[in-house]
Amino acid sequence: MDWLGPEEWRAVALSLQVSFWATLVSLPLGILTAYALARLDFPGKQLLNGIVHLPLILPPVVTGYLLLLGFGTRGPVGGILAEFGIVFAFRWTGAALAAGIMAFPLMVRAIRLSIEAVDPKLEQASSTLGASPAWVFLTVTLPMTLPGIIAGAILAFAKAMGEFGATITFVSNIPGQTRTIPSAIYAFLQVPGGEGSAMKLVTVSVVVAMGALLLSEVISRRVATRIGGA
Amino acid sequence: MLDIAVRHAFAGFTLDTSFRAPPGVTVLFGRSGSGKTTLVNAVAGLLMPDAGRIAVGDWVLLDTERGIRLRPHKRRLGYIFQEGRLFPHLTVRQNLAYGAWFAPKNAPREDEAKVVELLGIGPLLNRRPAALSGGEKQRVAIGRALLAAPHMILADEPLAALDDARKSEVLPYFERLRDEVEIPILYVTHSAAEVARLATTVVTLEEGRVTGQGTAAEVLANPSVTPLGARAAGAVLEATIARHHPDGLTELHAGGTPLFLPALGQPEGSTVRVRIAAHDVILATSEPSDLSALNILPGTVHDIRSGQGPGAIVSLDTPAGRILARVTRRSAKRLGLQSGTPCYAVIKSVALAPQDIGG
């Protein structure tokens, strides 16, 4: 494809990489958090709920800055992780972290809703048939929540593709390292004659976002028909 | 031997029940709100009562004094719920295998092929629950409970959500379960017909307490303990099928007395339980003639019990067994009925509806 120049390609590839890892790594945590919020009762539940949703409400710049303070090489968490060779600041991993955190509330909401839609009576039935709580979760709750998990993951992926504010604040705008599609569009618009490249990336953004939405619709509809009514 | 003693206080309702029952089908009989389902949930472990002891033979599920409170998945029971609760994401075959998978490998278990045959669910194995009728779902639910290698089967009004046709489709499978499988069953219902057909032992519940216990015939004949009072009262007679007549009637013999009712499916010579509801019986002090009713049994009044309201329940000793009749107090007085009065019980043959008859 000659349509995209090497610089644009690099932005697209990086965005896909960042979003893929952001989604994959946050998914188990998202399922766990959604389950805790939907089904468990524990002190601090409202606090957890608030923290999970915070990135949705805070200005992204604030989230990015807080990440910089916490996960920068001299930050309390970043400093410890740097000892083990895990560095986020000004790396693509940092972009993935920022995208993952920004997308997390959307993912948790979608999964939580579908967990709440699972009839607890089915989970009871499972336990009377000898399934321990962990098995109940694995054999009943999780498979029945599958449409919501897929929807949540795709939604999170699309959100991660579009994350800009927190990313640029936390990991800057380094070509090939942290210059994702939104950062690249921003950079192209800063230089004279960059509108053409920006427009191409805008087109890619729209196509990816629409594709993700359609895919999630198709998949969850197929899973929902398979599961059917009780 | 089933041994249950449970005490649990809710806001505004206290469950305080205690009974022991021999193996077979123990029916908890009571109106809604009497605590039947709560009690079954305590047996299943879905409710942890304040205090009590629950044991099936040597298998102790709960003993608060000794600090034993098995969690639901450790109890090894097969619970058949009112709404089936099949797993919608699994096929019938996978639903059946679900409980078996969690059972200890060395547990004595029913053969899957035998259970599938017993319940007639062979053609359904590859379907999902969404594609099953209500009656089929309940049959699969019975199979799923049975194949979990349970110490006891619990059934909480398993027919209540079905229409009459589906009820008579599923009920015979519970009878086969009782007769062909040696697993005790605790069965909850508010239907006198189900009590009459299934019960080895009936335990009546009211407001969280046991009000009576006995065989189906004993309990149903005693309106003071039947949960619906006089409306559920009736006699349960054991009868043998003597002959199928060509005009569509079946002749039964109960204690040597013939009874006629619409054709039954069972072969001649087999034994059935017949329920005669008290409100389907008319009394006469002289032998009635020129009457369309086919079943007229001579007998003597055993006793008369009046409740609130205008009705009275007259129990009558006949050669076929004890029969109950529900009459008004006014007629009882007009006929001069009292203990020892000879009289005749007139039973309309159509009153012996097929769904009240079982083997």
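Me: In what order do the five strands of the open sheet in chain B lie?
Reply: This model is predicted. The pairing in this sheet of chain B is antiparallel. The five strands form an open sheet in the order β2-β1-β4-β5-β6.

Me: Which are the edge strands of this sheet in chain B?
Reply: An edge strand pairs on one side only. In chain B this holds for two strands, with residues 13-21 and 68-69. The edge strands are therefore β2 and β6 of chain B.

Me: Over how many bridges do strand β4 and strand β5 of chain B pair?
Reply: Strands of a sheet pair through backbone hydrogen bonds, either parallel or antiparallel. Strand β4 of chain B covers residues 51-56, and strand β5 of chain B covers residues 59-63. Their pairing is in the antiparallel sense, and the number of bridges is four.

Me: What angle does the direction of helix α1 of chain B make with that of β1(B)?
Reply: Helix α1, residues 36-44 of chain B, packs on the sheet. The helix touches β1, β2, β4 and β5 of chain B. Its direction makes with that of β1(B) an angle of about 115°.

Me: Why does the radius of gyration of chain B agree with that of a compact globule?
Reply: Chain B has 359 residues, and a compact globule with that number would have a radius of gyration near 21 Å. The two agree because the value for chain B is 22 Å.

Note on methods: Residues numbered from 1 in each chain as written. Chains lettered and ligands numbered in written order. Predicted model: local features only at pLDDT ≥ 70, side-chain atom pairs only at ≥ 80, totals over all residues. Rg over C-alpha atoms; globule rule 2.2 N^0.38 Å. Contact = placed C-beta atoms within 7 Å. Axes fitted to C-alpha atoms, helices over the stretch in contact; angles between N-to-C directions.
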